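I am opening a notebook page on this chain.

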Amino acid sequence: MKHFNNTSFVCSLFCVIAIVLQSSVVTAEFRAGAAKQDITPAMGVSLDGSISKPGPSKSVHDLLHARALVLEDGSTRVAIVICDLCMMGQDVVDDAKKLIHQQTEIPISNILIAATHTHAAPRAIHIGTEPIDDEYHRLLSVYIAKAVSKANSHLTPARIGFTSFEKTGLIACRRSLCKPGSVGPNVFGETGEQVKSVAGKSSAVIGPAGPTDPQFSVLSVQTLDGEPICVLGNFSVHYCGGYQRGAVSADYFGYFSEAIESNLHQKRKSSTSPEVIGILSNGTSGNTGAFQRSAGQKFAAFEGMLFYGRMLADNALQATQQTAYSTSPLCK
Ligand SMILES: [Zn+2]
């Protein structure tokens, strides 16, 4: 296997959408709608922070959102929601799905909810948190459902397409294959392992422990006359970082989305059209660290995420110009 290909994620997503949509008799036109909802926490809610630097939120550098895309073939609907959070607990996801189902009648089995994994955001899991965190987790489900309800209300006849391109030079494996005997016991006390995360420049390092996935996948949805509705990207970089402690940020995921939205906003034909939504989901990034920077490349706080987010948005928008669209999504 050369790569665990991230196109496979979007292809799989596309196929799941197609299979779900085809599971019913297709008698009506394909429709799509998208929307976003602010999910920025109140000050004092616990942030994940960079490694070993958790703590309460003290300021907001940029807002966190839940961004939703709803697709329908006339009788079956699916929803995808990507949230600017570090992690999400099963209870938050389950509560959100119940609310979405109550408000839109989208079947719970047709709803996909995921976190981007920005570290400058809460871990929405009920482990060792304060009452203010519990309250935020409860509200999250409500806000996530709101995003989907809004997207659902924006459903309009549409066409869909997907494409991908390779973005090499930005990703490095952060898990290192090390010399025998150089890696300590794992969390279970077991010995003999040769792979270590974030091993740095240790002389025990032999090389990367595995491949990385440089593929950037793009799913694009437009109205029948080409007005943009949503661009959903997927990329496999863990996060960018470069935060200030206590500051909330959606990281490069947020900047990617904002760049897509501001660029495509100008292409709307009417000021009353629903807002255009950009979404970036996290791919096969478990073994990757932050962006691999070129020699001598330095950024002030929050500037790296802006640089990479906007660059990837430009690349994704260029890719969509070559995309073939269909009003009848089929798994080929
Ligand atoms: Zn992480």
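My entries follow, from the whole chain down to single pairs.

**Entry 1: ground rules.** The model is predicted, so I note that local features need pLDDT of at least 70, that side-chain atom pairs count only at pLDDT 80 or more, and that totals for chains, interfaces and linings use all residues. Residues are numbered from 1 along each chain as its sequence is written.

**Entry 2: whole chain.** I looked up the secondary structure and found five helices and 17 strands. Helices (H or I, at least four residues) and strands (E, at least two) are DSSP runs, numbered from the N terminus. Of the 332 residues of the chain, 46% are buried. Buried is defined as 20 or more other C-beta atoms within 10 Å of the residue's own, exposed as 12 or fewer, and partly exposed as in between, with C-beta atoms placed from the backbone. I also checked contacts, meaning C-beta atoms, placed from the backbone, that lie within 7 Å. Among those between residues at least 6 apart in sequence, 81% join residues at least 24 apart.

Entry 3: Two strands pair if DSSP finds at least two bridges between them. Angles run from 0 to 180 degrees between N-to-C directions, and axes are lines fitted to C-alpha atoms, for helices over the stretch in contact.

**Entry 4: strand 6.** Is strand 6 (residues 77–83) enclosed or open? Seven of its seven residues are buried, so strand 6 is largely enclosed by the rest of the structure. Arg77, Ala79, Val81 and Cys83 point one way, while Val78, Ile80 and Ile82 point the other. Strands 5 and 6 form a hairpin with four residues between them, and Gly74 in the turn has a positive phi of about 115 degrees.

**Entry 5: core.** Which residues touch the most other members of the largest nonpolar core? They are Ala68, Leu69 and Val81, out of 80 residues. Such a core is a set of buried Ala, Val, Leu, Ile, Met, Phe, Trp, Tyr and Cys residues joined through C-beta atoms within 7 Å. Not counting residues up to four places away in sequence, Ala68 touches residues including Ala34, Ile80, Val148 and Ala151.

**Entry 6: helices 2 and 3.** The axes of helix 2 (residues 90–104) and helix 3 (residues 131–153) come within 8 Å and cross at roughly 35 degrees. Residues meeting there include Val92, Leu99 and Ile100 of helix 2, and Leu140, Ile144 and Val148 of helix 3.

**Entry 7: the three-stranded sheet.** This second open sheet has the order 12-11-13 with antiparallel pairing. Three bridges join strand 11 (residues 175–178) to strand 13, with Cys178 partnered by Val205.

Note on methods: Two residues are in contact if their C-beta atoms, placed from the backbone, lie within 7 Å.
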